[in-house]
Amino acid sequence: MTTYDERTKLSDLTTTADQVRRSVESVIEGKPEVVRLSLTVLLAEGHLLIEDVPGVGKTMLAKALARSIDCSVRRIQFTPDLLPSDITGVSVYDQQRRDFEFKPGAIFAQIVIGDEINRASPKTQSALLESMEERQVTVDGHTYELPDPFMVVATQNPVEMEGTYPLPEAQRDRFMARVSIGYPSPAAELEMLDVHGGFSPLADLQPVAHAHEIGKLIEAVREIHVAQAVRRYAVELVGATRNHPELRLGASPRATLQLLRAAKASAALSGREFTLPDDVQALAVPVLAHRLLPTAQAQLNRRTAEQVVTEIVRSTPVPDPSPQQPEPYGQQSPRRY
């Protein structure tokens, strides 16, 4: 049976998350599903990749999320001449001390905004790999821990645009989810002109949550129960991508783990103490599609990874939801991811 403290945690989570959601939605008009996914990734301890054409609000979404939380924020503008040391930091020789002193780079923040990440060279892009996976930076043989919580929100333009470098598979796999904002509806665009036509919507945005509150919410998400049937369902979805005839690269085991973590965060945002197959289904496309590589024939047929994942979700049997009842929280520790 769920204790009073655990019910309070979940209640605090939904209240605080709703405040952050409303704050971000005051800037990003008409895209509630995009804002919810951003919060899901934050509470699941993941990283978010926002891909779309210029001018639809990719950077504004990242900034709005960062400013809604009272934490350290750094922005990196990726350009072809950006060096890896600009991101991770560099050791500088101090003449007075006669020793090397480490100067932290832009990655040393709780929320890091990487703007147009695919305009930098692959060497610079790879500087993020260790930071995103292990939450640490190694420079000149010394390892430095990154702050907690830590999240990278990166934006990129479509690879067909001039001056872009496609992200390598290892880099894409570090991002928990990819989202495309898309063009707003005519009504949302008209409201945007009325409300934000005369000033920047970010100018008056104030933090509605503190970094330590987000840390507590992340701990509460870790306690969300995942039944064995839901775990098996996630494994079957990911496994189907590895055997699909239209894919030459399927999703990795890291994708399975992140899919379950995102499902737990989604369940918590819905006010539930346990996950459902619906949570996994809703997140399958944003969590899995960007990790997949279609075959040449699939590309000739104009088949996208998103379409393949959608078909896999439709064809994979959904487990019976009856076993999804939560167990006592004291017995859930061995089940955590």
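# Notebook: a look through the predicted model

**Overall build.** I started by counting elements and got 14 helices and 13 strands in the protein. I'm working from a predicted model here, so everything below is computed. Next I checked burial: 52% of the 337 residues are buried. The accessible surface comes to about 16,100 Å², and carbon and sulfur atoms hold 51% of that. I also looked at the contacts with a separation of 6 or more, and 79% of them are between residues 24 or more positions apart.

**Helix α3.** How much of α3 is buried? Seven of the ten residues in this helix (residues 58-67) are, so I put it down as largely enclosed by the rest of the structure. I listed the buried ones by name: K58, T59, L61, A62, A64, L65 and A66. My cut-off for that word is under 20% relative accessible area.

**Second largest pocket.** I got about 290 Å³ of space for this pocket. Its lining takes in 16 residues, and nearest the centre I find G55, V56, G57, M60 and M192. Which helix gives the largest share of the lining? That is α8, with three residues.

**Nonpolar patch.** M192 came up again when I turned to the surface, where L190, M192 and L193 form a nonpolar patch. Together the three have about 290 Å² of accessible area. I placed L190 in helix α8, which covers residues 186-196.

**Salt bridges.** How many salt bridges are there? My count is 16. I went through some of them one by one.

- E306 pairs with R178, and I get 2.3 Å between the closest N and O atoms. The two are 128 residues apart, with E306 in helix α14 (residues 305-315) and R178 in strand β10 (residues 177-179), so I noted this pair as a link between distant parts of the chain. E306 has 30% relative accessibility, so I call it partly exposed.
- I also traced a network: D18, R21, R22 and E25 are joined by salt bridges that share partners.
- K103 and E101 meet through their side chains at 3.7 Å, N to O. Both ends came out partly exposed, because K103 is at 41% relative accessibility and E101 is at 28%.
- R119 and E116 meet at 3.2 Å, N to O.

I found E116 in the loop between β6 (111-115) and α5 (122-125). Is E116 buried, partly exposed or exposed? Its relative accessibility is 21%, so it counts as partly exposed.

R135 also has a positive phi of about 55° and is not a glycine either. I placed R135 in the loop between α6 (129-134) and β7 (136-139).

Where is the cis peptide bond I noted? It joins D148 and P149, with omega at about 0°. P149 sits in the loop between β8 (142-145) and β9 (151-156).

**Cross-references to keep.** M192 belongs on two pages, as one of the residues nearest the centre of the second largest pocket and as part of the nonpolar patch.

Key:
Residues numbered from 1 in each chain as written. Predicted model: local features only at pLDDT ≥ 70, side-chain atom pairs only at ≥ 80, totals over all residues. Heavy atoms only, no water. Patch = residues over 30% accessible without salt bridge, like charges linked within 9 Å, V, L, I, M, F, W, Y side chains within 5 Å. Areas by Shrake-Rupley, 256 points an atom, 1.4 Å probe, with all protein chains shown as cover. Salt bridge = Lys/Arg side-chain N within 4 Å of Asp/Glu carboxyl O. Helix = DSSP H or I, 4+ residues; strand = E, 2+ residues; numbered from the N terminus. Buried < 20%, exposed > 50% of the residue type's maximum accessible area, 1.4 Å probe, protein only. Contact = heavy atoms within 4.5 Å. 1 Å grid on protein atoms, 1.4 Å probe; cavity = no way out; pocket = protein on both sides within 12 Å on 5 of 7 lines; lining within 4 Å. Points joined across faces, edges and corners; volume = space filled by probe spheres on them.
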